[in-house]
Amino acid sequence: MPKVEHVASYLLSVSNPGTEWSITPLKLQKLLYYCQGWHMAFNKGEPLFTENLEAWEHGPVNPDIYFKYKHHRYLTIPKEHFENKNSKGKPIIKQRQLDIINTVWDTYGQFDGKYLEELTHQEEPWIVTPKNAVIDKRKLLQFFSQLAQKA
């Protein structure tokens, strides 16, 4: 299972700074939330990454990723190089996981962080979680599974 930092790095590797497909710290957090939720919905509840998301004031946040990129503030994070191989030469992120991450990117990647923040503020996992508490993965699974059934 990849770590949240691998998913973040991969997303930054497909970003396009200077366009609507660039990524700010706020946008990165929301993309991670959507990657986790949709992955769980399409993989029988299996998380994409084990690290938690928390319900912060501006939406779902992974604290480790927040602290890693917060120095960028509201500005674009530069594109990163992502090598999808571990020390044994095996993929860090499996193809079925990449397919979901890429679908999330294709669906949400053109939106800015503030729009995605507003979107998450209308969604049950963030709404029902007390501020600064961990968003229960079962709530993510339930919410995104219901969305998947409607689609």
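Leaving aside neighbours within four places in sequence, Glu54 is in contact with Gly59, Pro60, Val61, Pro63, Asn132, Ala133, Val134 and Ile135, where contact stands for heavy atoms within 4.5 Å. The model is a predicted one, in which local features need pLDDT of at least 70 and side-chain atom pairs count only at pLDDT 80 or more, while totals for chains, interfaces and linings use all residues. Residues are numbered from 1 along each chain as its sequence is written, and side-chain values use heavy atoms, with hydrogens and water left out.

Glu54 belongs to strand 1, residues 54-56. Helices (H or I, at least four residues) and strands (E, at least two) are DSSP runs, numbered from the N terminus. Glu54 is buried and yet has no salt bridge; the nearest side chain of opposite charge is that of Lys137, 10 Å away. Here buried means under 20% relative accessible area, exposed means over 50%, and partly exposed lies in between, with a 1.4 Å probe and protein chains only. For charge, Lys and Arg count as positive and Asp and Glu as negative, whereas His and the chain ends are not counted. A salt bridge is a side-chain nitrogen of Lys or Arg within 4 Å of a carboxyl oxygen of Asp or Glu. What Glu54 does have is a polar contact of 2.8 Å between its side chain and that of Trp56. Such a contact is a pair of N or O atoms within 3.5 Å; within protein, one must be able to donate a hydrogen and the other to accept it, and residues adjacent in sequence count only if both atoms are side-chain atoms.

Asn132, one of the residues in contact with Glu54, lies in the loop between helix 6 (124-127) and helix 7 (137-150). Its phi is near 70°, a positive value in a residue other than glycine. Asn132 is exposed, with a relative accessible area of 54%. Arg73 is found in the loop between helix 3 and helix 4 and is exposed, at 61% relative accessible area.

The loop between helix 3 and helix 4 also holds Pro91, which is exposed with a relative accessible area of 52%. Not counting residues up to four places away in sequence, Pro91 touches Asn84 and Lys85. Lys79 is 12 residues from Pro91 along the chain, and the C-alpha atoms of the two are separated by 20 Å.

Side chains of opposite charge can pair when their charged atoms come close. The structure has three salt bridges by the rule above. Arg96 pairs with Glu46, the closest N and O atoms being 3.4 Å apart. Arg96 lies in helix 4 and Glu46 in the loop between helix 2 and strand 1, so this pair ties together parts that are 50 residues apart in sequence. Both partners are partly exposed, Arg96 at 35% and Glu46 at 30% relative accessibility. Glu117 and Lys114 meet in a salt bridge of 2.9 Å, N to O. These two are three residues apart in helix 5 (residues 113-120), a separation of about one helical turn. Glu117 is buried at 7%, whereas Lys114 is partly exposed at 45%. Arg138 and Asp136 form a salt bridge too, at 2.6 Å from N to O; Arg138 is exposed at 65% and Asp136 partly exposed at 25%.

Aromatic rings come next. The whole structure contains 12 aromatic pairs. Rings of Phe, Tyr and Trp (its six-membered ring) pair if their centres lie within 6.5 Å; planes under 30 degrees apart count as stacked, over 60 as edge-to-face and the rest as tilted. Phe143 and Phe144 form an edge-to-face pair, 5.1 Å centre to centre with 90° between the planes. Phe143 is buried, with a relative accessible area of 14%, and Phe144 is buried at 0%. One aromatic cluster is formed by Tyr33, Tyr34, Trp38, Phe42, Tyr108, Phe143 and Phe144.
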